[in-house]
Amino acid sequence: MKPLILAIIVGSVFLPSFAREKDTGPVATLSFIVLKDPSGKPVRNAGVVMHLVGRHDKQERGGIELKTDAEGKCSFEGVPYGKLRVQVLAPGFQTYGEDYEVDQRTVEITIKLKRPNGQYSIYDDHQNETKKDANPPPAPDTNAKPQ
């Protein structure tokens, strides 16, 4: 009897907020594929974080994180219909974030991660760079006679 009570307590504490009973409304199965942009190769071990979004676009507590496999894929069953905030994190890539409207039984989402842009540093050598708003030097006079 005690293991059953312990299992119920642990399940109720650690269960994500959106893994609700099916009688609260329809639920969907979400499938993700995370790819490198522009090569289209899969991103392995990317973290796909999902949060329900409530009234006034406020993110609800709880959530769940999935990890992509070697093919850049992961999935989750039991997501209730409504707005869902998805964030994808992977080392060496820009963080991705987007809200999706879950309104059908199966949803397939493809996400293309970009490499980060270079950062500007005051310590780099910028002497050879030209300013975009600088005036270009005058064009040579092609009508001039040689001397």
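# Notebook: confidence, core and salt bridges

**Confidence.** I am working from a predicted model. I looked up the confidence first. The mean pLDDT of the protein chain is 80. I note that 69% of its residues reach 70 or more.

pLDDT stays under 50 over residues 1–22. For that stretch the model has 18 contacts beyond four places in sequence. Where pLDDT is low, the predicted coordinates should not be read in detail. I leave residues 1–22, with pLDDT under 50, at that.

**Core.** Which residues touch the most other members of the largest nonpolar core? I find Leu30, Phe32, Met50, Val86, Val88, Ile111 and Leu113. This core has 26 residues. I then checked which elements give two or more residues to the core. They are these strands:

- E1 (27–36) and E2 (47–52).
- E3 (64–67) and E4 (73–80).
- E5 (82–89), E6 (96–102) and E7 (106–113).

**Salt bridges.** I get four salt bridges in the structure. Side chains of opposite charge can pair when their charged atoms come close. I went through three pairs in turn.

*Lys114 and Asp37.* Their side chains meet in a salt bridge, at 3.1 Å from N to O. Lys114 lies in the segment after E7, and Asp37 sits in the loop between E1 and E2. The pair therefore ties together parts that are 77 residues apart in sequence. I also looked up accessibility. Lys114 has 45% relative accessibility and counts as partly exposed. Asp37 is partly exposed too, with a relative accessible area of 27%.

*Asp57 and Lys83.* I find the closest N and O atoms of this salt bridge 2.6 Å apart. Asp57 is in the loop between E2 and E3, and Lys83 is in strand E5. The pair links distant parts of the chain, 26 residues apart. Is Asp57 buried, exposed or partly exposed? Asp57 counts as partly exposed, at 46% relative accessibility. Lys83 has a relative accessible area of 28%, so I log Lys83 as partly exposed.

*Asp99 and Arg85.* These side chains form a salt bridge at 2.7 Å, N to O. Here I see strand paired with strand: Asp99 lies in E6 and Arg85 in E5. The pair thus ties together parts that are 14 residues apart in sequence. Asp99 is partly exposed, at 30% relative accessibility. For Arg85 I read a relative accessible area of 22%, which is partly exposed because buried means under 20%.

Key: Residues numbered from 1 in each chain as written. Heavy atoms only, no water. pLDDT = per-residue confidence, 0-100. Contact = heavy atoms within 4.5 Å. Core = buried A, V, L, I, M, F, W, Y, C linked by side-chain atoms within 4.5 Å. Buried < 20%, exposed > 50% of the residue type's maximum accessible area, 1.4 Å probe, protein only. Helix = DSSP H or I, 4+ residues; strand = E, 2+ residues; numbered from the N terminus.
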